[in-house]
Amino acid sequence: MGEHRLRLSTLVFAVAVAIIVLSYSAQPLALKHSPRLLGKFAVASSTRSQRVQPLQFRYETRYFQQRLDHFSFSELPTFPQRYLISTEHWVGPQRLGPIFLYCGNEGDIEWFAQNTGFVWEIAPQFGAMVVFPEHRYYGESVPYGSTQEAYKNATTLSYLTAEQALADFSVLITDLKQNFSAKDCPVVLFGGSYGGMLAAWMRLKYPHIAVGALASSAPILQFEDIVPPETFYDIVSNDFKRESVTCFNYIKQSWDEIIATGQTNNGLELLTKTFNLCQKLKSTGDLYGWLESAYSYLAMANYPYPSEFLMALPGHPIKEVCRRIDGVPAGTSILERIYEGVNVYYNYTAEAKCFELDDDPHGMSGWNWQACTQMVMPMSSNKESSMFPPYEYNYTSFQEQCLKDFGVKPRPKWITTEFGGHNIHATLKKFGSNIIFSNGLLDPWSGGSVLENISESVVSLVTEEGAHHIDLRPSTQNDPDWLVELRETQIKIIEGWISDYHKKNEAIFDM
């Protein structure tokens, strides 16, 4: 049996969300690694200005001693997996109170808990226990005693895989159910982004552990050639184009302007000044990455109301970006227009004095390791349909970069071998059940998810105006009707899963 350890309880946690980011891990548009999902934001925020908004979500922080390798019998050291747990609204095992488990993403679990209000908000009406386990190698759940040791080389990083993470969740929930005498209590999985992928995969790989999964913004098809590699950047581009064709065109033209300016005498100094950078620009590629990241994250966080999910942003932030790009006086240069627009993302509160492009010069993050081993998501940019510079996905150069960074070769076909992906409709219809794939079409990751109903119990809920797992966000007074209706539908489906589970249990008991 695993060992649980309780840290000083936190009865009320405060949502501390970034208002400005003064540093950014630059990622060249050539994409050495797959685009980040959300892990970049889910870190202890020493470089961020904070605004604290307390939400009355109560939980305890505990630790569970996990095996380093679930799939061998070697005597390896264990590590403490952090998890957040709340039994405040749980009706207990005698009434078969459900357990809601959020599959932790690639970052600090408290950040994901703070930004997943839907789970906390519906727990009282279900009488549910809430559990947020942290993904191994992230946050405080780090093997070998420290991040430095855990990330030391390919050998120590070799246990950072999706399969090991799912095994962690399964072992933890099994142990919790035993400790709470809750063996017959149904478990419902939740997850957004990479966490949504894990939730869907866990339902498929461990159907005896959980009765269903809500997988929000989960791009489980973003592998190999299942979806066109230009899908992600085409959706980002269309999000801007739908607001303003001239805005789209200014951005499209800006890349050549950046290159041309950078090649002139003192061009990098001029770009540094134009974009108000703290340090002199070393290459135009760094500026490319900074801008590309802003546009991509704006598409992900293109919510209909003001939010502080990734940054402090207005409602419909892309509309505001394009308003600023298009609205400056005639004669304003293209690059000055771009700077005005990108300030909506990086400095909407007007608190940042300058911008630092690179806070991780080595790029040695856990997600980069995952991208170089399993999470190989091909990306490209189409000259005609994209506002980004055109480029083709080049697996050879990607592999060379991974060998240079980590000394490993990617396994681009492993995810589809382990979890499926090709002919997903037939596969899920035969072998899957009780999964909700929820997507908003403004989210660039939606193109890699399941957008059609598979069966009566594997369903796709799609909203035209939704962005990155908006359904899991805390509810607000400004939620549009379509979002309220989406959540009501999800609640009804989850109620059905739990009701069916109870009926089957009763039938077995009666026998």
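## Disulfides

C278 and C354 are joined by a disulfide, with 2.0 Å from S to S; the term covers a pair of cysteine sulfur atoms within 2.5 Å. The angle about the S-S bond is 100°, making the link of C278 and C354 right-handed. It ties together distant parts of the chain: C278 sits in the loop between α9 (267-274) and α10 (284-300), C354 in the loop between α12 (334-346) and α13 (366-373), and 76 residues separate the two. Helices here are DSSP runs of H or I with at least four residues, strands are runs of E with at least two, and both are numbered from the N terminus. C278 is partly exposed because its relative accessibility is 28%, and C354, at 24%, is partly exposed as well. For these labels, buried means under 20% relative accessible area, exposed means over 50%, and partly exposed is in between (1.4 Å probe, protein chains only).

The model counts three disulfides. C247 and C322 form one of them, with the sulfur atoms 2.2 Å apart. This link is left-handed, at -70° about the S-S bond. C247 belongs to helix α8 (residues 245-262) and C322 to helix α11, so to speak distant parts of the chain, 75 residues apart. Both cysteines, C247 and C322, are buried. Then there is C372 with C402, 2.0 Å from S to S, left-handed with -85° about the bond. Here the link runs from helix α13 to helix α14 (residues 395-406), across 30 residues of sequence, and both C372 and C402 are buried. Counting bonded cysteines along the chain, the pattern reads 1-3, 2-4, 5-6. Two further cysteines to look at are C103, buried with a relative accessible area of 0%, and C185, also buried at 0%.

## What kind of model this is

This is a predicted model, in which local features need pLDDT of at least 70 and side-chain atom pairs count only at pLDDT 80 or more, while totals for chains, interfaces and linings use all residues. Residues are numbered from 1 along each chain as its sequence is written, and side-chain values use heavy atoms, with hydrogens and water left out.

## The overall picture

The protein has 17 helices and eleven strands. Of its 511 residues, 58% count as buried. Take the contacts with a separation of 6 or more: residues 24 or more positions apart account for 75% of them, a contact being heavy atoms within 4.5 Å.

T161 is buried, with a relative accessible area of 15%. Setting aside neighbours within four places in sequence, T161 is in contact with H135 and Q374.

## Salt bridges

There are 16 salt bridges, each being a side-chain nitrogen of Lys or Arg within 4 Å of a carboxyl oxygen of Asp or Glu. One of them pairs E320 with R323, the closest N and O atoms being 2.7 Å apart. Both residues lie in helix α11 (residues 317-327), three residues apart, or about one turn of the helix. E320 is buried at 15% relative accessibility, whereas R323 is exposed at 52%. Elsewhere, shared partners join the salt bridges of R82, D108, E134 and E140 into one network.

E149 bridges to K152, with the closest N and O atoms 3.9 Å apart. E149 is partly exposed at 33%, while K152 is exposed at 54%. E243 pairs with R242 at 3.6 Å between the closest N and O atoms; E243 is partly exposed at 23%, and R242 is partly exposed at 42%.

## Aromatic rings

The structure holds 34 aromatic pairs. Rings of Phe, Tyr and Trp (its six-membered ring) pair if their centres lie within 6.5 Å; planes under 30 degrees apart count as stacked, over 60 as edge-to-face and the rest as tilted. Y102 and F132 are stacked because their ring centres are 5.0 Å apart and their planes are at 15°. Y102 is in strand β6 (residues 99-102) and F132 in strand β7 (residues 129-133), so the pair ties together parts 30 residues apart in sequence. Both Y102 and F132 are buried.

Ring pairs also link F232, Y233, F240, W255, Y288, Y295, F388 and W445 into a cluster. As for charges over rings, R411 has its charged end over the ring of W414, 4.6 Å from the centre, and K241 lies over the face of F248, 4.8 Å from the ring centre. The cut-offs are NZ of Lys or CZ of Arg within 6 Å of the ring centre and within 35 degrees of the ring normal.
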